[in-house]
Amino acid sequence: MMRLQKFLALSGVASRRNSEKLIADGHVAVNGKVITEMGVQVDESADVVTVDGKVCKIQEEKHYLAYNKPMGEVTTVADPEGRPTVMDKFRDYPVRLYPVGRLDYDSEGLLLLTNDGDLMNNLLHPSREVSKEYLVKVSNRVTDEEIRRLRAGVRLDDDRMTSPADVHLVRYETFASVLLVTIHEGRNRQVRRMFDSVGHKVLLLRRVRFGPLELGDLRRGEWRELSAEEIARLKAL
């Protein structure tokens with residue numbers, strides 16, 4: 001026996017936290033009965049669990065992929081506006097995958113996909129403080145003082161301060177600056193809002209590292225399976 005949200009996570013449906021939301025919102029049924037409260041125990045060998053009518057089963061084999069998301073895709077399983085999603089390239093993959101975290105529609109770079117709900121939950125939990133590194137091109141010349149402010153933490157439009165960040169200038173271009181930015185938070189469109197707060201518009205945002213994983217030479221729109229060493233390093237987080 002195990003808790004329903006753990007069963008959903010092991011089935012690759014979502015992280016435990018997102019599984020709890022699916023339950024609370026009435027998407028999950030056990031033996032035909034919709035469950036909306038937490039703490040329900042299920043027998044994985046006897047009970048039939050469905051999410052929106054689709055039967056879920058624990059997937060023994062776990063898969064871990066690195067994907068170089070191009071701009072113009074949303075990081076969701078489905079989009080109500082009909083825009084392309086990162087999952088469109090994985091419709092025929094042997095197991096159902098889920099993106100770990102998000103990249104904006106107009107951002108690109110490294111995205112992890114997996115059916116390991118427990119790992120997904122661990123990587124996204126705020127207490128883990130998994131670092132994310134971005135190559136950022138912004139308008140105009142970023143000054144040393146603005147970099148100092150970004151490193152120390154800036155106040156965003158919701159009146160909340162960001163945590164300290166690693167910010168390093170890579171080069172100046174004509175009417176633009178290129179920087180490497182590493183953050184440990186996962187607030188909505190955070191890097192863009194950070195530069196907005198110091199008066200610069202983000203022209204390009206590419207995630208080049210997620211925790212111990214690096215984008216490397218993976219081409220835009222392509223994916224690869226993680227090595228055993230990379231998986232072990234993720235789990236060690």
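**Charged pairs, buried and exposed**

Guide: Let us start with R83, which is partly exposed at a relative accessible area of 29% (buried is under 20%, exposed over 50%, partly exposed in between; 1.4 Å probe, protein chains only). Please bear in mind that this is a predicted model, in which local features need pLDDT of at least 70 and side-chain atom pairs pLDDT 80 or more, while totals for chains, interfaces and linings use all residues. Residues are numbered from 1 along each chain as its sequence is written, and side-chain values use heavy atoms, without hydrogens or water.

The partner of R83 is E81, and their side chains meet in a salt bridge at 3.8 Å, N to O (Lys or Arg side-chain nitrogen within 4 Å of an Asp or Glu carboxyl oxygen). E81 counts as exposed, with 62% relative accessibility. A search of the whole structure finds 22 salt bridges.

Now turn to D104 and R192, whose closest N and O atoms are 3.5 Å apart in a salt bridge. D104 sits in the loop between β8 (98-99) and β9 (108-114), and R192 in helix α5 (residues 190-197), so this pair ties together parts that are 88 residues apart in sequence (helices, H or I, at least four residues, and strands, E, at least two, are DSSP runs numbered from the N terminus). D104 is buried at a relative accessible area of 17%, and R192 is buried too, at 10%.

Next along your tour is R193, joined to D158 by a salt bridge between their side chains at 3.3 Å, N to O. Here again distant parts of the chain are linked: R193 belongs to helix α5, while D158 lies in the loop between α4 (144-152) and β11 (166-173), 35 residues apart. R193 is buried, with a relative accessible area of 16%, whereas D158 is partly exposed at 34%. Both residues also belong to a network of salt bridges that links D157, D158, E185, R187 and R193.

Finally, the helix. In α6 (residues 228-236), E230, I231 and L234 are buried. Viewed down the helix axis, the buried residues fall within an arc of 100°, so they line one face of α6 (the arc is taken over directions from the axis to the C-beta atoms). On the other side of α6 you will find A228, E229 and A236, which are exposed. The buried residues of α6 pack against β7 (64-69), β9, α3 (117-124), β14 (213-214) and β15 (223-225) (contact means heavy atoms within 4.5 Å).
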